[in-house]
Amino acid sequence: MAVFTGAGVAIVTPFKENGEVNYEKFAELLEFQIKGGTDAIIVCGTTGEASTLTHEEHLDVIKYCVEKVNGRIPVIAGTGSNCTQTAIFLSTEAEEYGVDALLIVTPYYNKATQKGLFHHFKAIADSVKVPVILYNVPSRTGCNILPETVVKLCTEVENIVGVKEASGNISQVTKLMSLAEGRVDLYSGNDDQIVPLLALGGKGVISVLSNVAPRETHDICQKYFQGDVEGSRDLQLRAIELCDALFCEVNPIPVKKAMNLMNMEAGPLRMPLSEMDEVNLPKLEKAMKGFGIL
């Protein structure tokens, strides 16, 4: 059984103006997501700026999220690292807090081989009992986990259950699912490719778009699962302009700006990320108005 089906939000981490985590606003964002029909919370991922959280902050945000969600929907914690031992430490701690699953990104910068990737993910998964979802985003990590490696991991390691695929390479995803034979739970990591990946047998999406449009992102998946492929496709196509705008600069710069425009008070970004260039603001505002969220 999949950890979740539908739209999981890769939720932002709101900060105060002094740079501290804003837990009061984080609680409000979690309630906004649950009320909006989001099917799972993915905390401390790329969108949550996990790379600039201290280990203590990282774990505190995960623990707070689990406590606030309180079992209403699954909580999946991003606990990956380019250091295997660090990933094991974060993963075992998160498991103790009661997360439903872990999202583990491919190692970045050191760029492991496929053999190295297999042993890295296996070591992390062997350290916990909760399900593990792999995260493939080579545009950010410089490291691509090949279909054969994903299938091998999902076949040979009991609690590795699927992959968030954000390579953008539909041919690669097609090959993955042709090899998977039902052994890999596939989640789109790109909001502009939700329907294509559902058509290949995907279980849903781990979404940036859901931060500002949880109901619509949920409905893209739900309509597809209910057999309303046309309705799902229409929603996907209507969201494309907004999806493009949310990635006009590196994520999560535009989505935090969008949330602040919606008075959701997501706060500033942590360096080295910077505020969105003003030249991109009209594009974002136009897309938000066109989608009916501003």
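Predicted model: local features only at pLDDT ≥ 70, side-chain atom pairs only at ≥ 80, totals over all residues.
Over the ring of which residue does the charged end of Arg238 sit?

1. Charges over rings. The charged end of Arg238 is placed over the ring of Phe291, at 4.4 Å from the ring centre. A further contact of this kind involves Lys152, whose charged end sits over the ring of Phe118, 4.8 Å from its centre.

2. Side chains of opposite charge can pair when their charged atoms come close.

3. Arg270 and Glu57. These two residues form a salt bridge in which the closest N and O atoms are 2.7 Å apart. The pair connects distant parts of the chain, 213 residues apart: Glu57 belongs to helix α2 (residues 55–69), while Arg270 lies in the loop between α11 (253–261) and α12 (281–291). Both Arg270 and Glu57 are buried.

4. Lys122 and Asp126. A salt bridge joins these side chains, with an N to O distance of 2.7 Å. Both residues are found in helix α4 (residues 114–126), four residues apart, or about one turn of the helix. Lys122 has a relative accessible area of 30% and is therefore partly exposed. Asp126, with a relative accessible area of 48%, is likewise partly exposed; this value falls in the partly exposed class because only residues over 50% count as exposed.

5. Arg233 and Asp234. The side chains of Asp234 and Arg233 meet in a salt bridge at 3.9 Å, N to O. This pair lies inside the cut-off, because a salt bridge requires the nitrogen to be within 4 Å of the carboxyl oxygen. Asp234 is partly exposed at 41% relative accessibility, and Arg233 is partly exposed with a relative accessible area of 40%.

6. Aromatic pairs. The structure contains three aromatic pairs. In one of them, the ring centres of Phe4 and Tyr187 are 4.6 Å apart and the ring planes meet at 20°, so the pair is stacked. This pair also links distant parts of the chain: Phe4 is in the segment before β1 (6–10) and Tyr187 is in strand β7 (residues 185–188), 183 residues apart. Phe4 and Tyr187 are both buried.

7. An aromatic cluster. Tyr23, Phe26 and Tyr64 are linked into a cluster by ring pairs.

Conventions:
Residues numbered from 1 in each chain as written. Heavy atoms only, no water. Helix = DSSP H or I, 4+ residues; strand = E, 2+ residues; numbered from the N terminus. Buried < 20%, exposed > 50% of the residue type's maximum accessible area, 1.4 Å probe, protein only. Phe/Tyr/Trp six-rings, centres within 6.5 Å; stacked < 30°, edge-to-face > 60°. Lys NZ or Arg CZ within 6 Å of the ring centre and 35° of its normal.
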